[in-house]
Amino acid sequence: MSTVLGYRAFGAADVQEYFDRPGPVPGPAEVLVRVAAAGVNPLDHLLRSGHVPDLNGHLPFPQVIGMEAAGTVLAAGGDVTGLQVGDRVTGFALTGAGTYAETTLLLGESTARIPDTLPWTWAATIPVAGTTALDVLDQLDLPKGASLLVNGIGGGVGIAVAQLARDRGLAVTGTGSAAKRELAAKHGAAFVDYTAGNVADQLGRFDAVVDTVGGESLRRVAPLAKKLIAVGDPSVTELGGVFVQRRLDRAGLERVAELMAGGRLDPHITGTYPLARAQEALALVESRHASGKLVISI
Ligand SMILES: NC(=O)c1ccc[n+]([C@@H]2O[C@H](COP(=O)([O-])OP(=O)(O)OC[C@H]3O[C@@H](n4cnc5c(N)ncnc54)[C@H](OP(=O)(O)O)[C@@H]3O)[C@@H](O)[C@H]2O)c1
C-alpha cells in the first residue's frame, strides 16, 4: 500500500484527502517509481477542481494529485526502452495516477534518467516548469541580443524562462509584485511591479513577450511585441499570439537536467513540504502568488 493525497469528487481544496492505495501496476509503456520528490503546479488544483475535463473528466475516482515526480524505478513495462530498475529518473505521471504519493506510474517516453549529482527536489521540477521554459524559448527561436518580456517572472515557469533566456543571450525584463524584484535582479532581468499601475504604461516594446499570467494581464502586455506566446491562457490566439506547443519527450527532460546539473538553471525552490503537509504547498500555489517552485519531499 502507498499513501497518497487525492480526491473522490471534483471540487475545492476541501475534497482533498489522504488514503492508501495498492501499489500501482505499470502498463506496457509505463514505469513504476518510488517517488522521492514531486513538483507542485497550478494544473494540480485545476485538475482537482474539474476545470480541465478533457484531461481527467473521463477518469475514475479516486484520482491522485500531481503531474511530475523524481524517483527510483521499481519496475518498467515491456515496451519501455532505456530505463532500468534502480535508475534515478524524472518524468510526467500518467494522468490521474498522481505524484503526491509514495509510489506512482510515470509515462516511459516522458521519463528520463537524471545525473547522480542532481538533488531530487530540483529534478522533480524538470517536467513541468523546466521543459515548458525550454519549449517556449525553442518555439520563439529569438536571435542573441533580442529583448524579451516575461509577464509573471516570479513563478516556476517565469523564473526558468528568464534564466534560459539570459543563457541564450537575450535581454530580459520581467513583471511581478514587489516581492519578486530581487529574484529578477539576481538573474539580470529588469523589473516592473504590476501593482504600481498599468504595466504597459511602464514598459517599452520588446521582440517577444512570454505570458505566464493570462487574463487581463495578458491583454495588457500583448500589444508590446509582434511575437507573443502564452503558457497558461489559450485565448492568446485571439490576440495574434500562439500557445506553447509542449513536446513532453525524454530529450527535453534530459536537456533541462543537463542545464541544471551544469549550473545554468536553478528552479528556485522556495518551500519543501513532507507529504503530510502537501495541502499547504498546493494552497500556496492556488493563491497564485507563489515564488519559484514548491516541492513535496517524500
Ligand atoms: N502549457 C503547459 O504545459 C504549462 C506548464 C506549466 C505551467 N502552465 C501554466 O502557466 C501558468 C504559470 O505557471 P507557474 O507554474 O509558473 O505558476 P506559479 O509558479 O504559481 O506562479 C504564478 C506567478 O504569477 C505571478 N503573477 C500573478 N499575477 C500576476 C500579474 N498580474 N502580473 C505578473 N505576475 C503575476 C505571481 O507573482 P506575484 O506574487 O508577484 O503576483 C506568481 O509568482 C499557469 O497558468 C499554469 O497552469 C502551463
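Helices, by the way I use the word today, are DSSP runs of H or I with at least four residues, strands are runs of E with at least two, and both are numbered from the N terminus. Hello everyone, and thanks for coming. What you see is a predicted model, in which local features need pLDDT of at least 70, side-chain atom pairs count only at pLDDT 80 or more, and totals for chains, interfaces and linings use all residues. Residues are numbered from 1 along each chain as its sequence is written, and side-chain values use heavy atoms, with hydrogens and water left out.

Let me start with helix α4. Its 15 residues should span 21 Å at 1.5 Å a residue, and the end C-alpha atoms are 20 Å apart, which agrees. That expected span is 1.5 Å times one less than the number of residues. Of those 15 residues, 13 are buried, so α4 is largely enclosed by the rest of the structure. By buried I mean under 20% relative accessible area, with exposed over 50% and partly exposed in between, using a 1.4 Å probe and protein chains only.

Now to the charged side chains. The structure holds twelve salt bridges, each defined as a side-chain nitrogen of Lys or Arg within 4 Å of a carboxyl oxygen of Asp or Glu. In one of them, Asp-135 meets Arg-247 at 2.7 Å, N to O. This pair links distant parts of the chain, as Asp-135 is in helix α4 (residues 126–140) and Arg-247 is in the loop between β13 (242–243) and α9 (250–261), 112 residues apart. Asp-135 counts as buried, at 4% relative accessibility, whereas Arg-247 is partly exposed, with a relative accessible area of 40%.

Asp-138 is partly exposed, at a relative accessible area of 23%.

Asp-138 also forms a salt bridge with Arg-255, where the closest N and O atoms are 3.0 Å apart. Here helix α9, which holds Arg-255, is linked to helix α4, which holds Asp-138, across 117 residues. Arg-255 counts as partly exposed, at 35% relative accessibility. Through shared partners, salt bridges join Asp-135, Asp-138, Arg-168, Arg-246, Arg-247 and Arg-255 into one network.

On to helix α5, residues 156–167. With twelve residues, α5 reaches 17 Å from its first C-alpha to its last, close to the 16 Å expected at 1.5 Å a residue. How many of its twelve residues are buried? Ten are, so α5 is largely enclosed by the rest of the structure. Among the buried ones are Val-157, Ile-159, Val-161 and Leu-164. Gly-169 follows α5, and its phi is positive, near 85°.

Next, the domains. The domain assignment, whose bounds come from an automatic or database source, gives domain 1 as 2–125 + 267–297 and domain 2 as 129–243. Their C-alpha centres lie 27 Å apart. The contact between them, meaning heavy atoms within 4.5 Å, takes eleven residues from domain 1 and 14 residues from domain 2.

About 770 Å² is buried between domain 1 and domain 2, with carbon and sulfur atoms giving 44% of it. That buried area is the accessible area (1.4 Å probe) that two parts lose on being put together, summed over both. On the domain 1 side, His-268, His-289 and Gly-292 supply 47% of the area buried against domain 2, more than any other three residues. Between the two domains there are zero salt bridges.

Let me finish with Val-33, in strand β3 (residues 30–39). At 0% relative accessibility, Val-33 counts as buried. Leaving aside neighbours within four places in sequence, Val-33 is in contact with several residues, including Thr-72, Leu-74, Val-89 and Leu-106. Val-33 and Thr-132 are 99 residues apart in sequence, and 23 Å apart in space, C-alpha to C-alpha.
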